[in-house]
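User: I am new to reading protein structures, and I would like a close look at one helix and the parts that surround it. Could you take me through it slowly?

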Amino acid sequence: MPATLIDGKAVAASLRAKLAMRVAAHVAAGKRAPGLAVMLVGEDPASQVYVASKAKQTTEIGMVSIEHKLPVETSQADLLARIAKLNADPSVDGILVQLPLPPHIDADAIIEAIDPAKDVDGFHPVNVGRLATGGKAFVPCTPRGSMRLIRTVRADLSGLHAVVVGRSNIVGKPMAQLLLAANCTVTIAHSRTTDLPGICRQADILVAAVGRPLMLNAAHVKPGAIVIDVGINRVPAGEKTKLVGDVDFEAVRGIAGAITPVPGGVGPMTIACLLENTLDSYELKLG
Ligand code: NDP
């Protein structure tokens, strides 16, 4: 039987509709709209597309989008000064600095300058620490979205074996923390892992966050597993290019129990969860 297709586009649209209703209720009660500030340094084309998409979706659900588009030569001191202003601005609930930053800027120093209470990307060490210790934290958007997708096909994850392939700070590690918090037994695999197919085949939930096109195939998937493909890879397709995941979707869809496609799986969830984090931040401030 072919796997259930987990439609991230539809789940994200439904989440955004719910967020829009929450925002509308606050505004109808006479409160200000939540505000999300996004800072982009330089002209990386992928980042520009992503930031434009964030701004569009932010305003579509009734929130205020504050954009700082800065030239590539912007100094670290200038960026830090702007972050300090946004930290102090009561109309700003979320601050996001688009990564990657130009090489002359220390990304860690920038992330650490963001007020943890406005760190809607969940990258500040305070939020990373709170997530690891089970406290109330902003959770990085892609893992948060991936968990939502898993829950659409299985509510109780307790006792399941989850294998996360990839150990980055923005996807792999926080994803593993969330699965652990959901009472999964978690294995994190990476580039030094031996017998990757054998480890992946033990997974009831397999999360691929590697950045290698179609790397995981039929040899990596246990029958019935939930497969979450975080990877976004652009590959040649004739004279054009197309997006593919880290999972060979066609090879795996007859084995997995449920699977996310690329595009249209995890990708759309990331911005929706960013908006959710921003609204959560706003509501926390309201008490
Ligand atoms: P990173 O490059 O930061 O991390 C990749 C991870 O994959 C590393 O931990 C690396 O291991 C591991 N890895 C690399 N090669 C292998 C291998 N042969 N076998 C096993 N593990 C391997 O990537 P990100 O976490 O930032 O992103 C991963 C993918 O997810 C990318 O395709 C990215 O585009 C996509 N992405 C998608 C998002 C979305 O919105 N859907 C958001 C963010 C990312 P090691 O640590 O040992 O080097």
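What follows is a walk around helix α10, given by its residue range, 267-286.

User: Which helices pack against α10, at what angles, and which residues make the contacts?

Analyst: Please keep in mind throughout that this is a predicted model.

Begin with helix α1, residues 8-28, which packs with helix α10, residues 267-286, at an angle of about 25 degrees, the two axes being 9 Å apart. Because angles under 35 degrees count as roughly parallel, α1 is roughly parallel to α10. The crossing of α1 past α10 is left-handed. On the α1 side the contact involves G8, K9, V11, A12, L15, R16, L19, R22, V23 and H26, and on the α10 side these meet P268, M269, A272, C273, L275, E276, L279, D280, Y282, E283 and L286. Sorted by class, the residues of this contact between α1 and α10 are 13 nonpolar, 2 polar and 6 charged.

Turn next to helix α6, residues 141-153, whose axis comes within 8 Å of that of α10 and crosses it at roughly 105 degrees. Angles of 65 to 115 degrees count as roughly perpendicular, and α6 and α10 are therefore described as roughly perpendicular to each other. Here C141, T142, R144, G145, R148 and L149 of α6 make the contact with M269, T270, C273, L274, E276, N277 and D280 of α10. The contact of α6 with α10 divides into 5 nonpolar, 4 polar and 4 charged residues.

For S168, a polar side-chain atom lies 2.5 Å from an oxygen atom of the ligand, while for R212 an N or O atom in the side chain is 2.8 Å from a ligand nitrogen atom. H190 contributes through its backbone, where an N or O atom lies 3.5 Å from a nitrogen atom of the ligand.

The peptide bond from V262 to P263 is cis, with omega near 0 degrees.

Terms used:
Residues are numbered from 1 along each chain as its sequence is written. This is a predicted model: local features need pLDDT of at least 70, side-chain atom pairs count only at pLDDT 80 or more; totals for chains, interfaces and linings use all residues. Side-chain values use heavy atoms; hydrogens and water are left out. Axes are lines fitted to C-alpha atoms, for helices over the stretch in contact, and angles run from 0 to 180 degrees between N-to-C directions. Helices (H or I, at least four residues) and strands (E, at least two) are DSSP runs, numbered from the N terminus. Angles under 35 degrees count as roughly parallel, over 145 as roughly antiparallel, 65 to 115 as roughly perpendicular and the rest as oblique. A crossing is left-handed if the near helix is turned anticlockwise from the far one by less than a right angle, and right-handed if clockwise. Contact means heavy atoms within 4.5 Å. Ala, Val, Leu, Ile, Met, Phe, Trp, Tyr, Cys and Pro count as nonpolar, Asp, Glu, Lys and Arg as charged, and the others, Gly among them, as polar. A polar contact is a pair of N or O atoms within 3.5 Å; within protein, one must be able to donate a hydrogen and the other to accept it, and residues adjacent in sequence count only if both atoms are side-chain atoms.
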